[in-house]
Amino acid sequence: MIGADDLDALYDRDEFGCTVQVIEPGREARTVNGMLGAPTRSGRQYRSGVDPNAANLRVRPDQVLLQMATSAVPQDRTAKIVVDGVEYSVGNVEPLGRLRSLLTLVPYGNRAAPAGERGRWQASS
């Protein structure tokens with residue numbers, strides 16, 4: 001049975017993993033190992049373009065999926081996660097069993113800011 005200590009081997013950069021930086025307000029930045037992408041599902045094979053779950057996908061092209069140990073998931077949702085030099089905010093966290101979580105990362109913006117001040121693009125006055 002896989003335990004929490006086995007995740008280091010799974011997330012090893014020389015194998016499948018990656019290293020990201022987690023920056024939480026009021027805490028020192030930390031380096032966390034993870035794996036980009038969502039786990040694939042096994043089961044029936046579908047013809048290309050006819051995936052019955054395609055209508056349920058919530059991922060947009062500018063989002064990134066990241067697996068990491070549940071114990072390493074930032075508790076503060078205003079945290080910044082840096083992946084390959086690009087800054088992201090945590091958009092969603094889903095459990096992957098009891099030890100791992102799947103984070104949906106969105107381009108970084110101040111999520112605590114009032115509506116209208118979050119986006120990169122502002123209407124010119």
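The largest nonpolar core of this predicted model has 16 residues. A nonpolar core is a set of buried Ala, Val, Leu, Ile, Met, Phe, Trp, Tyr and Cys residues joined through side-chain atoms within 4.5 Å; buried means under 20% relative accessible area, with a 1.4 Å probe and protein chains only. Most contacts inside the core are made by V20, L66, M68, I81, L103 and L105. At least two core residues come from each of β1, β3 (64-69), β4, β5 (86-96) and β6 (100-107). Strands are DSSP runs (E, at least two residues), numbered from the N terminus. The largest share, 4 residues, is supplied by β3.

Contacts of L105 were examined next, with contact defined as heavy atoms within 4.5 Å. Neighbours within four places in sequence aside, L105 touches D62, Q63, V64, L66, I81, V83, Y88, S89, V90 and G91.

The 6 strands close into a barrel. Their order is β1-β2-β3-β6-β5-β4, with antiparallel pairing. Two strands pair if DSSP finds at least two bridges between them. Strands β1 (residues 18-23) and β4 (residues 80-83) run antiparallel and are joined by 3 bridges. I23 has K80 of β4 as its bridge partner.

K80 also lies over the face of Y108, 4.6 Å from the ring centre. The criterion is NZ of Lys or CZ of Arg within 6 Å of the ring centre and within 35 degrees of the ring normal.

Residues are numbered from 1 along each chain as its sequence is written. Local features need pLDDT of at least 70, side-chain atom pairs count only at pLDDT 80 or more, totals for chains, interfaces and linings use all residues, and side-chain values use heavy atoms, without hydrogens and water.

Note on methods. Buried means under 20% relative accessible area, exposed over 50%, partly exposed in between (1.4 Å probe, protein chains only).
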